[in-house]
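My entries follow in the order I made them.

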Amino acid sequence: MEFSLINRAIQHFDGDATVVFANTDTSFDDQAVQSLIELNHFEAKVGKVLCLSLVDGFKANNVIVVGLGDTPTTDKNYIKALLSASTALEGIKAKSIMIQQLDVDQHDESWTQRTTARVMQNTTYQIQKVGTEKSDESSVESIAIQSDGDNAHELAQGQAIASGMALTRHLGDLPSNICTPTYLAETAQDLAKEFNLDCEVLEESDMSKLGMGSLLSVSKGSIEPPKLISLSYKGNGDAKPIVLVGKGVTFDSGGISLKPGAGMDEMKYDMCGAASVIGTMRAVAEMKLKVNLAIVVPAVENMPAHNASKPGDVVTSMSGQTIEVLNTDAEGRLILCDALTYVERFNPEVVIDTATLTGAVIVALGKHHCGVMANDQDLADDLISAGKTALDTAWQLPLDDEYDELLKSNFADMGNIGGREAGTVTAACFLARYAKDYRWAHLDIAGTAWVSGAKKGATGRPVPLLTQYILDQI
Ligand code: BES
Ligand code: MN
Ligand code: ZN
């Protein structure tokens, strides 16, 4: 799909389709379109579409009128309208299209351009079935967005973010017998080649030498060798890097604390944190941003086996702190804590981890917002604001000492679970014990990284939030 800016009246575009927008409470500028809106009793409710052909005065064969609801047009309504437009365009097999310029409330034109490119490009993602070739079945070949300007920079950024999201979605959707820790490491190495990044992959023996007893206690019950994957991008000299850490459990069976069978297939998505930091790296490298970024992915499989960790086992983390593994299904924090100690060597400006860490975050926030917890309020605020801009939102949960006390153990410095209450917060309190030496935030994406049901698939979140946060730092 190619994007460009076009400085032309909507009537003069001579491709397959022109997408125009209508609000419920104002009439449309073009008289021919307004008459047809009235004739068809089209109400312009958000996401509703009216497909018109051979409209008087329009050179394009089709005019797709998309409803935006009331004025002012909100960003959420604009996205809904774009998604409806995309379905309608596929329906008429349109190849070359133009999208009318539009004011979105609280946002400038650059935002609209970047977001339009991202959303439209993202609709072309298709799940690649095992054994089939990658197919780009979208009919739309070119999208021209109406604008008086000629700087297509924002369009390129939107496309880069979408291509990062596509990589994230693809890795998430792959089954765990293909997307193993080794596969994630190879993906990182391929990305390093493509974008000239530094890549380092630590093997089990390397991690053992570093004392990562907590991470290795999770992987030891699996036949798949664990990997600790790092990628670094340098776009800003010697500045301290932003460091992203992503949970990479390529399958979470629960281990000896085995999960129930129903829906267990979805635990192939337990590496979506990893996939999102890899996707963010791709987007940043493709945009050639003037920042320094490093990503670190602890990648393991969590399986039950004769040599797996057992409830009550005590392990020693790289930081020296000991952990009583009361539940082998609380494995994400066990691999992340060693990764959080490891990242100290990057001398980070900030560290943000993203992880499908707790089912409890779905109880607390559902599937709309991810959870954010931080040891630095400015960082939490920046992430929340980036999420709003990128329409990939986060909601903050507290991190008070009272919650941390729930991690007490009689047999080690801490247990790996805090009991039934506030499971998302106690998981973050556990991580906070390993993130004392830098500004740190944690995104719990268990509710947002994929959708279940008939449309089961990865969403690509929180790549939009993370890339927006990075863009905001420049
Ligand atoms: N990967 C899961 C969290 C999860 C569960 C994500 C369901 C998405 C959907 C994580 O490793 C886990 O099992 N967490 C436990 C923690 C508990 C044992 C304290 C959970 O949430 O039940
Ligand atoms: Mn688990
Ligand atoms: Zn897990």
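I began with the metal pair: the zinc ion (ligand 3) and the manganese ion (ligand 2) are 3.1 Å apart, and aspartate 252 coordinates both. This is a predicted model, where local features need pLDDT of at least 70, side-chain atom pairs count only at pLDDT 80 or more, and totals for chains, interfaces and linings use all residues. Residues are numbered from 1 along each chain as its sequence is written, chains are lettered from A and ligands numbered from 1 in the order in which they are written, and side-chain values use heavy atoms, with hydrogens and water left out.

**Zinc site**

Which protein residues donate to the zinc ion (ligand 3)? I found Lys247 (NZ), Asp252 (OD), Asp270 (OD) and Glu331 (OE), lying 2.0 to 2.4 Å from the zinc. Donors here are N, O and S atoms within 2.8 Å of the metal (3.2 Å for Na, K and Ca); water is not among the atoms, so sites may look incomplete.

I noted the sequence spacing of these donor residues as K-x4-D-x17-D-x60-E. Lysine 247 sits in the loop between strand E9 (242-246) and strand E10 (248-252), and aspartate 270 in the loop between E10 and helix H8 (272-287), so the pair ties together parts that are 23 residues apart in sequence. Helices (H or I, at least four residues) and strands (E, at least two) are DSSP runs, numbered from the N terminus.

I then checked the geometry. The zinc ion (ligand 3) has six donor atoms with angles of 78 to 176 degrees among them, and its site is octahedral. For reference, ideal angles are 90 or 180 degrees for six octahedral donors.

Buried means under 20% relative accessible area, exposed over 50%, and partly exposed in between (1.4 Å probe, protein chains only).

**Manganese site**

I listed the protein donors of the manganese ion (ligand 2) next: Asp252 (OD), Asp329 (O), Asp329 (OD) and Glu331 (OE), at 2.1 to 2.2 Å. Their residues are spaced D-x76-D-x1-E in sequence. The six donor atoms make angles of 72 to 169 degrees, and this site is irregular.

Aspartate 329 is partly exposed at 22%, whereas glutamate 331 is buried at 1%.

**Ligand 1**

A polar side-chain atom of lysine 247 is 3.2 Å from one. For an N or O atom in the side chain of lysine 259 the distance is 2.8 Å. A polar backbone atom of glycine 359 lies 2.7 Å from an oxygen of ligand 1. Ligand 1 taken alone exposes 510 Å², and the protein buries 77% of that.

**Serine 214**

Serine 214 belongs to helix H7 (residues 213-219). I found this serine buried, at 0% relative accessibility. A polar atom of its side chain lies 2.8 Å from the backbone oxygen of leucine 334.

Where are the cis peptide bonds? One joins threonine 71 and proline 72, with omega about -5 degrees. Proline 72 is in the loop between strand E4 (62-67) and helix H2 (75-91). Another joins arginine 461 and proline 462, with omega about 0 degrees.

I also logged lysine 93, which has a positive phi of about 55 degrees although it is not a glycine. Lysine 93 is exposed at 61%.

How values were computed:
Tetrahedral: all angles 85-135°; square planar, octahedral: opposite > 155°, others 65-115°. Polar contact = N/O pair within 3.5 Å; in protein donor to acceptor, adjacent residues only side chain to side chain. Areas by Shrake-Rupley, 256 points an atom, 1.4 Å probe, with all protein chains shown as cover.
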